[in-house]
There are 2 protein chains.
Amino acid sequence: MNHRLTIQYDGTDFHGWQVQGAGERTVQGELARALSLIDGRAVAVHGAGRTDAGVHALGQVASVELRREISGDKLRAAINGNLAPDVRVIEARVVEEDFHARYSARGKTYCYRIFNARYASPFLVRYTHTDARKFDVARMRECARLFVGTHDWTAFSAAQADVETRVRTVTQLAVRERWSEEGRGRLIEITASAEGFLRYMMRSIAGTLLEVGRGQMDAAQVARAVESGERSLAGATAPAKGLTLVEVHY
Amino acid sequence: MNHRLTIQYDGTDFHGWQVQGAGERTVQGELARALSLIDGRAVAVHGAGRTDAGVHALGQVASVELRREISGDKLRAAINGNLAPDVRVIEARVVEEDFHARYSARGKTYCYRIFNARYASPFLVRYTHTDARKFDVARMRECARLFVGTHDWTAFSAAQADVETRVRTVTQLAVRERWSEEGRGRLIEITASAEGFLRYMMRSIAGTLLEVGRGQMDAAQVARAVESGERSLAGATAPAKGLTLVEVHY
């Protein structure tokens, strides 16, 4: 039976989603281990997308094919019983045979969070990037519009990304600010939806918008980076800890 | 100069606020160590109140007398530079000589949080108590009113509490429910303000309200526990991890 899992993880202590060399703790590796115990054989775990080391997920999705017949609720409980507290299956359900977490996905939403204070709150330090400098959020919001649409994202992705095309469509890019009760300071949240993200794309967009907010870049430069694909025109890649995969759209 | 510090900590990896035997990591101990480095001598740290092992703080307050002249902003940065990420001074300021974090306090607000879902979210697991059972929040809210007022809290405090009187005034006790975007589930928050809390008092009130919400106790029993001071009539003490010291009132 084919199962769809919705997964949360605090990426702090993981070397990302994907199984790497021996000894590296990964989310995919932990799930595969737990599922193999349940199904009595090696189970392949297909994730909707790879997240890098330190990146978190509120709603990562994976599909797994199990030999054993088991309900969604029981499967969720059985997997969670074999996982550490920093990764959790929040929903499991039986789905049609042709569902594949990666190939069936129509898009994803990521959120990059900056805690704009002069201290890193213990309650936010794992999930946000702290920056005490002044940010002009209205300016960031104006520039955010430049990213929406279909573009070649060469300037905003890893040089080594082994993909056929770097053209992707960003459908939404919002910059919000709100007060954090936990941190007792201001949070700036950059939320982006796209049909697909290249490696480092979201962190590069976030890093660019942070430079815009601090007055180190202007709209003309951003537009040139988006249009030209010149990597040197984009801002620095923002730290992984501020990034969360919010949702996968099907 | 006398300084007032506002402190946040994730209590998970602390043996509470107060310095204990050697080798026990405590918040007071970590602060005293950092301050001694700054002031070049042993510094006494007076906290507004002790929190037990595993209990968190969004706004604990401490007062410290320093020989060295230093501004609030510089002191905050200097202390934070000598602390681990799970404890942080979010504000430091020079105050009148007669300010004392404990003796000047007029009251405190605590919040007990229950994540009411069938899994412990990685983003909430450190700061909430997870309970999947059904809770009747309206019923909890009705019973919460019974706690407000001046009572002898013997039934709701540690047997060994070495205090002259167990009479305290609870000024507010609210039960709220809200959706948690992080956990993707329901949070039940019990917020209490009082001029003072005895040891285990808040966790015992929370544990009692949880039993009320699950239908294991009714209003008559709660009223009897409050009036009689009979420990056996109160609910179980709720786990420390769900409790947060929100604010100290001056």
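Asp86 of chain B, in this predicted model, sits in the loop that runs between helix H2 (72–80) and strand E4 (87–95) of chain B. Is Asp86(B) buried or exposed? Its relative accessibility is 14%, so Asp86(B) counts as buried, the cut-off being under 20%. Setting aside neighbours within four places in sequence, Asp86(B) contacts one residue of chain A, Pro122(A). From chain B, the residues in contact with Asp86(B) are Gln8(B), Tyr9(B), Asp10(B), Asp13(B), Phe14(B) and Arg25(B).

Asp39(A) belongs to helix H1 of chain A, which covers residues 27–39. Asp39(A) has a relative accessibility of 6% and therefore counts as buried as well. A polar atom of the Asp39(A) side chain lies 2.9 Å from the backbone nitrogen of Arg68(A). Beyond four places in sequence, the contacts of Asp39(A) are Glu65(A), Leu66(A), Arg67(A) and Arg68(A).

Finally, the helix pair. In chain B, helix H3 (residues 137–144) packs against helix H4 (residues 201–213) at about 135 degrees, and the axes are 8 Å apart. Because of that angle, H3(B) and H4(B) are classed as oblique to each other. The crossing of H3(B) over H4(B) is right-handed. Which residues of H3(B) and H4(B) meet? H3(B) contributes Arg139(B), Met140(B), Cys143(B) and Ala144(B), while H4(B) contributes Leu209(B), Leu210(B), Val212(B) and Gly213(B). By class, this contact comprises 6 nonpolar, 1 polar and 1 charged residues.

Key
Residues numbered from 1 in each chain as written. Chains lettered and ligands numbered in written order. Predicted model: local features only at pLDDT ≥ 70, side-chain atom pairs only at ≥ 80, totals over all residues. Heavy atoms only, no water. Helix = DSSP H or I, 4+ residues; strand = E, 2+ residues; numbered from the N terminus. Buried < 20%, exposed > 50% of the residue type's maximum accessible area, 1.4 Å probe, protein only. Polar contact = N/O pair within 3.5 Å; in protein donor to acceptor, adjacent residues only side chain to side chain. Contact = heavy atoms within 4.5 Å. Axes fitted to C-alpha atoms, helices over the stretch in contact; angles between N-to-C directions. Parallel < 35°, antiparallel > 145°, perpendicular 65-115°, else oblique. Left-handed = near helix turned anticlockwise from the far one by under 90°. Nonpolar A, V, L, I, M, F, W, Y, C, P; charged D, E, K, R; others polar.
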